[in-house]
Amino acid sequence: MDYSERRKAQSRQTEQRILQAALELMREQGYENVSVRDICGKAGITTGAFYHHFPSKEALISKGFGALDHYMERTLAGREEEPPLERLRAVVGAYADFMERESGSLTARYYLMRLSDVQAGVRLDPARYIQKVMVDCFSQAWKEKPALADRTPEWAAQFCYTHFRGVVIDWVLSGYSYSLKEKMLDDYEAFRTLFRR
């Protein structure tokens, strides 16, 4: 590995340390009670290093939710041969697990930030892991038994993601008063009946 590649790898590792430290502190103490200095202390870096990677604490939260894709990849590893609708159920379950266990109340902060800086037309990025795996599941399911003939697997993936994101927002608005995973898996089973027709 040459010098440039080593520097990039070190930079990615530092960014991950910052994200991990911030998310742990924020889960324990709440977003408002954690300072950039606290994050730097836990991550073992200087404030200059923090600002090299993130322009603000708010920017860190947006980037932190990128960890969802890494979480999904780890959780779904080795399940590639499962029937597509079973894999899709695992996707929904992993998504709910991440929101409940990994992010908790940070989810509210994330969506508040997103809603205060809405960009017209910004939807789920087709390059993200969660989008790719959902489209793959629907594509395989369509090959086995076409469903919703006038719709594409891409449409179905976007439809499901939009619905489940709405469930997450409802969960936040209800003060986390119900099991997100139970609700999402129950909704998934209702959707699944549509794809069996």
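Helices are DSSP runs of H or I with at least four residues, strands are DSSP runs of E with at least two, and both are numbered from the N terminus. The model toured here is predicted: local features need pLDDT of at least 70, side-chain atom pairs count only at pLDDT 80 or more, and totals for chains, interfaces and linings use all residues. Residues are numbered from 1 along each chain as its sequence is written, and side-chain values use heavy atoms, with hydrogens and water left out.

**Whole chain**

Display the entire protein as a cartoon. The protein has 10 helices and 0 strands, and its pattern along the sequence reads α-α-α-α-α-α-α-α-α-α. Of its 197 residues, 42% count as buried; buried means under 20% relative accessible area, exposed over 50%, and partly exposed in between, with a 1.4 Å probe and protein chains only. Of the contacts (heavy atoms within 4.5 Å) with a separation of 6 or more, 67% are made by residues 24 or more positions apart.

**Helix α10: Asp187 and Lys183**

Select Asp187 and Lys183, which both lie in helix α10, 4 residues apart, about one turn of the helix. The two form a salt bridge, with the closest N and O atoms 2.9 Å apart; the term denotes a side-chain nitrogen of Lys or Arg within 4 Å of a carboxyl oxygen of Asp or Glu. Asp187 is buried at 11% relative accessibility, whereas Lys183 is partly exposed at 33%. A search of the whole structure finds 7 salt bridges, and two others are visited below.

Move to Tyr176, in the loop between α9 (153–173) and α10 (180–196). Most residues other than glycine have a negative phi. Phi of Tyr176, by contrast, is near 60°, a positive value in a residue other than glycine. Tyr176 has a relative accessible area of 30% and is therefore partly exposed.

**Between α8 and α6: Asp136 and Arg87**

Select Asp136 and Arg87, whose side chains meet in a salt bridge with an N to O distance of 2.7 Å. Asp136 belongs to helix α8 (residues 129–144) and Arg87 to helix α6 (residues 84–103), so the pair ties together parts that are 49 residues apart in sequence. Arg87 is buried, at 6% relative accessibility, while Asp136 is partly exposed, at 31%.

**Arg79 and Glu82**

Next, show the side chains of Arg79 and Glu82, a salt bridge in which the closest N and O atoms are 2.8 Å apart. Arg79 is partly exposed at 28% relative accessibility, and Glu82 is partly exposed at 24%.

**The packing of α1 on α2**

Finally, select helix α1 (residues 3–29) and helix α2 (residues 36–43). The two pack at an angle of about 120°, with their axes 8 Å apart; axes are lines fitted to C-alpha atoms, for helices over the stretch in contact, and angles run from 0 to 180 degrees between N-to-C directions. Helix α1 is therefore oblique to α2, given that angles under 35 degrees count as roughly parallel, over 145 as roughly antiparallel, 65 to 115 as roughly perpendicular and the rest as oblique.

Show the side chains at the contact: Arg17, Ile18, Ala21, Ala22, Glu24, Leu25 and Met26 in α1 meet Asp38, Ile39, Lys42 and Ala43 in α2. By class, this contact has 7 nonpolar, no polar and 4 charged residues; Ala, Val, Leu, Ile, Met, Phe, Trp, Tyr, Cys and Pro count as nonpolar, Asp, Glu, Lys and Arg as charged, and the others, Gly among them, as polar.
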